Amino acid sequence: GEYPWWMDHQEIHLFSSGAVTSQLNTSLQIKAGFSFTQYQLYKKNVMRRDLGTWSGGFPIFLMYDSEYEYDPSKGALFIQSRYEKENLVLNTGLRLDVFDPKSTRPAIEVAQTGIDDSWVVDTVGVAKASVKKSVSPRIGFAWIMEDGRKFHINYGYFFQMPAFEYLYANPNLNIANGFAPLGDADLEPSLTRAWEFGYLHPLNSSWLIDVTIFNKDVINLIDSNTLLLHDADYGQGGYTQYVNIGGSFIRGAELYVSGNIGSRLKTNFAYTLMQAKGTSSHSLDALLVDSELYSHGQILYPLSWDQRHTLVTNLDLKLNELLSMNLMYRYNSALPYTMDMGGYTSPNNKRMDPTSDMNIRLNMSYSIGKNIGLTGFTEVTNLFDAKNNLWADSRGLIGGELSDPGSWNLGRRFRFGIGLKL
């Protein structure tokens, strides 16, 4: 990889759950349940990163050394109902999520001590991280008409706690040079507010079309906040901490068509149009922007997964009683990356090339006796050996300075297998 990195990581999950379902009458069903997870966490993480300077002088490198061991827990209670009456289906639900970080956090305070460029990090006082509680309402409505047409609307809240690394990283407060991010066990869960509207229309007995429009707004995503000494180069003073300041806004539409051509050929076609913008693609966006000396405020920009167009089509052909064939083609429009344009660089300002591939699979099934069958398959993935680039560095080099072979997709591959069914 681009940076030296060593890690030792262990997670143990102890999980329990239960649910009960009651059919109150012919139309109404109620389901309620719970889940509980106890964690045992250990992580040792060591990394080095090289940084530039405003003056272009001698390179600065930063060491990141974090080690923690914690035993957090989470639980959930839920109740949901399903009401069916003639052509109407109504689903409602309510969920309570509780997370206990079982940790204290440093009572970090930043203050001036007589001169403008002095920072004080108070590592003596601590504050107990609070238990996080989230309530998620959800509702779904479907109307099915006699001719097979169907409307549906879904709306809901969805909460997710940050990854453990963002809660517990760097408990020994290694803030040398500002790179080693400080975790915060009091981080809030991210909140997704999502809705979708869909319409399914049978064209005839063999073909149907399904259209869905969707929207997802996510707040409280994790990014980093860096506080620097006055007039200092990045990496020479201050510290970085994970904070809930990121957001993403995703909207789009999906078109799905499927049908049969005769008795032997089945096909489907799926197209997705999507736009994903936000203020943070990942947890260190702000840190990387600062360290590369880019100019960037809290503006919306295309996120790293902003893939505007996705097309997938499948063909299933039954050749005879023994053999069948599947052909699948996928096209993905270009993903964004950040090209270094100097101090006026904005994140994800360029796009890589589109990607595409085709797979083919031949299946065989043969009955030897009454209860014995022989199966087999032959498969070729990336049939045309397409060269799809997956990432580029800030100079536009595919695979970066080290020409990472993982920056290209896998080439043409052959697989085959046989099986015996008893």
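Student: Which residues have the most contacts inside the largest nonpolar core?

Tutor: In this predicted model, local features need pLDDT of at least 70, side-chain atom pairs count only at pLDDT 80 or more, and totals for chains, interfaces and linings use all residues. Residues are numbered from 1 along each chain as its sequence is written, and side-chain values use heavy atoms, leaving out hydrogens and water. A nonpolar core is a set of buried Ala, Val, Leu, Ile, Met, Phe, Trp, Tyr and Cys residues joined through side-chain atoms within 4.5 Å, where buried means under 20% relative accessible area, exposed over 50% and partly exposed in between (1.4 Å probe, protein chains only). The largest one here has 14 residues, and those with the most contacts inside are Leu41, Tyr68, Phe164, Leu167 and Tyr168.

Student: Which element gives the most to this core?

Tutor: Strand E2 (28–51), strand E3 (60–70) and helix H1 (164–168) each give two or more residues; helices (H or I, at least four residues) and strands (E, at least two) are DSSP runs, numbered from the N terminus. The top giver, with 3 residues, is H1.

Student: Does Trp195 count as buried, partly exposed or exposed, and in which strand is its place?

Tutor: Look for Trp195 in strand E10. Its relative accessibility is 38%, so Trp195 counts as partly exposed.
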